[in-house]
Amino acid sequence: AKKVRVGVIGCGSVSHMYLPHLAKCPHAEVVSACDIVPERAKAQAERHKIPNHYPHIDKMLAGAAFDLLVNLTDMQEHERLNKQAVEAGKHVWSEKPLANSLAAGQGLLELAKQ
């Protein structure tokens, strides 16, 4: 069976809950880690045998191909990063909330449907 290729953005404290499970999931392959603190992305990539790590979402989106963005960043960044990923054709899992307002979340959902 084909595995879902996953890119994780946000390698801080929340990632310590997600990455061990994602790394063991038989249906997922974590292909990249990204964090604005490059050392955190590198450390999590090494710890969980993730082949690629990036310091910025632009580099991540232009790097190794992935299907699903798992957004574990600061909540205030979710809307912007989720929108950028959807516009790049990625599916998004957001560690609450999806966006910073109901209207923005509805707009992001409409964008994803397109």
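1. The largest pocket has a volume of about 300 Å³. A pocket is an open set of points on a 1 Å grid over the protein atoms alone, where a 1.4 Å probe fits, with protein on both sides within 12 Å along at least five of seven lines. Points are joined across faces, edges and corners, and the volume is the space filled by probe spheres set on them.

2. The model is predicted: local features need pLDDT of at least 70 and side-chain atom pairs pLDDT 80 or more, while totals for chains, interfaces and linings use all residues. Residues are numbered from 1 along each chain as its sequence is written, and side-chain values use heavy atoms, without hydrogens and water.

3. The lining of the largest pocket comprises 19 residues, where lining means having an atom within 4 Å of a point. Gly10, Asp35, Ile36, Thr73 and Asp74 lie nearest the pocket centre.

4. Serine 32 is found in strand β2, strands being DSSP runs of E of at least two residues and helices runs of H or I of at least four, numbered from the N terminus. Serine 32 has a relative accessible area of 0% and is therefore buried (under 20%; exposed is over 50%, with a 1.4 Å probe and protein chains only). Beyond four places in sequence, serine 32 touches Val6, Gly7, Val8, Ile50, Asn52, Tyr54, Met60 and Phe66; contact means heavy atoms within 4.5 Å.

5. Histidine 27 sits in the loop between α1 (15–24) and β2 (28–34). Histidine 27 counts as exposed because its relative accessibility is 56%. Neighbours within four places in sequence aside, histidine 27 contacts Lys3 and Val4.
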